[in-house]
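Hi,

Here is the structure I promised to pass on. My notes follow below it.

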Amino acid sequence: MAATERDAAGRISRRTLLAGTGVGLGLLFTAAPSAHAATLRDGSWTNPALGYFPNGGHFGAPRGDASHAGQDITNSVGTAVYAAAAGTVIRRQWGGGLPGRTGNALVISHGGGRYTYYGHLDAYRVSLNQAVSAGQRIGDMGATGNVTGPHLHFEIHSGGLGSVVNPVPYTGARGVDLGGGWSALDPDARGQRVRAVQHLLNQRGHGLQADGWLGPTSTEAVKAFQRGSGLVADGQVGPLTWPEIVYSLSQGANGHHVRALQTVLNKHSAGLVVDGDFGSVTNSAVRGFQSVNRLVVDGLAGAITWRALVG
Ligand SMILES: [Zn+2]
């Protein structure tokens, strides 16, 4: 298992790492009363890959005289790798052009001195300088470079390229569980997942405009749904609300709930027409998503598939 991982990917000097950690901790703990933290869960971040955390693959783990600069996520070669947030591909090269890293790598700039790094890729699915959206497929997990097995080496830089922070709490504060759990969206969130929630509520009789904004009207609809489901009516769509609000769907279904499914499939590069018709094309898209995320390939969009789609 991955305790034996000896990759040099992500090796950086301890001095740089500590400086980066300091930046991250400052952001997380000095400016994070809950009201502020809540606004971070705005739907702009997403899980870059489905897998598990290998032993020794955590941020800060010893790597000789240096420290591990990211979080490893293990799955098999070919597992889909997605952009964790919208941005522009600024590096598409061995080691990302950064010291100590090996293997095929992408670096995406998200503006504001924020970057994400995707290492050991088997294949690239984007070009240099390409603009990407959150959840767009950008590559395939691999084992290129100095590794003992396939995994995604995922880094987040905040405060400039080279200023790494621990990706697990960073994304966690933004409603993303790198370990593969349900995402969390707060009122005022935007994006395809919000649009899916609106379609799911419309399936229950609401007449929401599917504009992808969890504004006051949609938030009230979420709260009404939560009250009716015995949940805390806080208007947040998180790990308790998601499993209740999604539908198990398979070929032949038709309705707003299928539009929701098609919307989150499109977030992951499916390219479907959002017509509410679960026909053969949507069936192929569900199976394709399940396949590249190493889920059971049965064409049934149940809770596990939904969790991966909205993660
Ligand atoms: Zn790594």
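Are Asp72 and His153 buried or exposed? Both are buried (under 20% relative accessible area, with exposed meaning over 50% and partly exposed in between, 1.4 Å probe, protein chains only).

Before the rest, some housekeeping: this is a predicted model, where local features need pLDDT of at least 70, side-chain atom pairs count only at pLDDT 80 or more, and totals for chains, interfaces and linings use all residues. Residues are numbered from 1 along each chain as its sequence is written, and side-chain values use heavy atoms, leaving out hydrogens and water.

Now the metal. His68 (NE2), Asp72 (OD) and His153 (ND1) coordinate the zinc ion at 2.1 Å, with donors being N, O and S atoms within 2.8 Å of the metal (3.2 Å for Na, K and Ca); water is not among the atoms, so the site may look incomplete. Along the chain the donor spacing reads H-x3-D-x80-H. Asp72 sits in strand β4 (residues 71–73) and His153 in strand β12 (residues 152–158), so the pair ties together parts 81 residues apart in sequence. Strands (E, at least two residues) and helices (H or I, at least four) are DSSP runs, numbered from the N terminus.

Then there is Asn202, which belongs to helix α4. Asn202 is buried, at a relative accessible area of 11%. Setting aside neighbours within four places in sequence, Asn202 is in contact with Gly207, Leu208 and His256 (contact means heavy atoms within 4.5 Å).

Cheers
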